[in-house]
Amino acid sequence: MILRRLYDDGLAQASYILGCEGTRDAIVIDPNRDVRQYLEAADRDALRITAVTETHIHADFVSGARAVAAVTGAALVLSAEGGAEWQYAFASENGARLVRDGDTIDVGSVRLTVMHTPGHTPEHISFLVTDRATASVPMGAITGDFLFAGEVGRPDLLERAAGVAGAIERGARDLFRSLARFAALPDHLQIWPGHGAGSACGKSLGAMPQSTLGYERIANWALAPQSEEAFMAAVLAGQPEPPAYFARMKRVNRDGPPASDGSRAVERVRDAELSSVVGLGALVVDTRASGQFADRYVPGTINIPFNKSFATWAGWLVSYERPVYLIAADGDVEPALRALRLIGLDDVAGIFAPSAIDGAFARASIPQIGVDELDVRMARGDVTVIDVRGDAEWSEGHLPGAANIPVGKLVERLARIPRDKPVVTQCQGGTRSAIAASVLLKHGIPRVINLQGGFSEWERDGRPVERA
């Protein structure tokens, strides 16, 4: 058997290719929209992709299963489990094979046995993998968003992101029972999860690319002996806010993700046009590092630095209903466009070079403040502190008197922010607060200051902390 893991750092997401050494047939599991990477990986191993499948209807990226099937002619295999509302609407149109618990998918001598593992989503399935050329029992499991290294998939997304009332409690109870059933499998079973550290599909995912069921019994809190009620309380406590774009991804991937990767050429725009584009109210995202943006930026643009979190923050802050422009260095253009396509943000109207900033009619900078000065100004009462971390982070500890508005919810909660004094944006270390400062300035908050070092620096110096 040939096993290849393809990992996307920006999404903290793993896809897998399983191939038979004898027949050279292969199946792709949980592909994202970047189809080319799977074709290239299969070519390197002289494999022919004959099937493509996924563990569930994804919320954090556009599924590439339909596109892989379209490009390769591979059989599309999808879950038929779960309630009617979250079935694959495009399955019949694309001639997909629908599978249920206990069904098998054979790829040469490699067999995948379907195991229904609801909880994260009702239709979720895992695949027990048997290399029949060497053994008659499963050697591992592709667990998708069901079981991670050190954690389990969150059961609250269907309700919190997609608005399905009552789904949280049902999902948590289903997840508890799925884990109990899965725990009956042998210790040697290798675990190949669908996400790693940094994914919003769970609370505190481990960074290890794989594990074993035996080790997870020791290290994963969710497999420890506990009552159903205790498990439910623990799995639901402290879940981060699901990014706003998750709801759209669930619908897209349920109703019919694109059958193409969405790639297209995007033109460079002349530097001289930046001022007029901003003046017309277009959304312009400056992808430079936060420090560079703070030193010199064009009012009306927002800052989403191009790094591993770029797609996540774009999903929070960029509208799917209007075109977006990017300010990006040459080396960041294609990776940034790819990151946007992975979450379905295809409407990029143009790219400005960073040199356009120097020629713009107006430029500004964002003041920075350290914890010492902030402490003094808070004591005088002449600043408003907005903690832009998640609700759970704020509850665990925050600056005295700081209001909590997560970055992704700033625009919808602008009315809550007083304008009679300067606003200090604050997060854990200074990255999210820098993004937040640019968002507030774009939306009319006149005086914004960013806290350098964030809550970590404040707490490190032993200053007072409040808890909810």
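Analyst: Two strands pair if DSSP finds at least two bridges between them, a strand being a DSSP run of E with at least two residues and a helix a run of H or I with at least four, numbered from the N terminus. The model is predicted, so local features need pLDDT of at least 70 and side-chain atom pairs count only at pLDDT 80 or more, while totals for chains, interfaces and linings use all residues. Residues are numbered from 1 along each chain as its sequence is written, and side-chain values use heavy atoms, with hydrogens and water left out.

User: Why are strands S16 and S18 placed at the edges of their sheet?

Analyst: The sheet is open and has four strands in the order S16-S15-S17-S18, with parallel pairing. Strand S16 (302-303) and strand S18 (348-352) each have a single partner strand, so one side of each lacks a neighbour in the sheet. S18 is joined to S17 by four bridges, and valine 324 has valine 348 in S18 as its bridge partner.

User: How do you know that helices H4 and H6 are in contact, and what kinds of residue meet there?

Analyst: Contact means heavy atoms within 4.5 Å, and residues of H4, including Ile168, Phe176 and Leu179, meet residues of H6, including Phe231, Met232 and Leu236. The residues of this contact divide into nine nonpolar, no polar and five charged, where Ala, Val, Leu, Ile, Met, Phe, Trp, Tyr, Cys and Pro count as nonpolar, Asp, Glu, Lys and Arg as charged, and the others, Gly among them, as polar. H4 (residues 167-182) and H6 (residues 228-236) pack at an angle of about 115 degrees with their axes 10 Å apart; axes are lines fitted to C-alpha atoms, for helices over the stretch in contact, and angles run from 0 to 180 degrees between N-to-C directions.

User: Why is the pair of aspartate 106 and arginine 132 called a salt bridge?

Analyst: The term requires a side-chain nitrogen of Lys or Arg within 4 Å of a carboxyl oxygen of Asp or Glu, and the closest N and O atoms of aspartate 106 and arginine 132 are 3.8 Å apart, so the pair qualifies. Aspartate 106 lies in strand S7 and arginine 132 in the loop between strands S9 and S10, 26 residues apart. The structure holds 34 salt bridges.

User: Why do arginine 377 and aspartate 382 fall into separate accessibility classes?

Analyst: Arginine 377 has 17% relative accessibility and so counts as buried, whereas aspartate 382, at 24%, counts as partly exposed. Their side chains meet in a salt bridge of 3.4 Å, N to O.

Note on methods
Buried means under 20% relative accessible area, exposed over 50%, partly exposed in between (1.4 Å probe, protein chains only).
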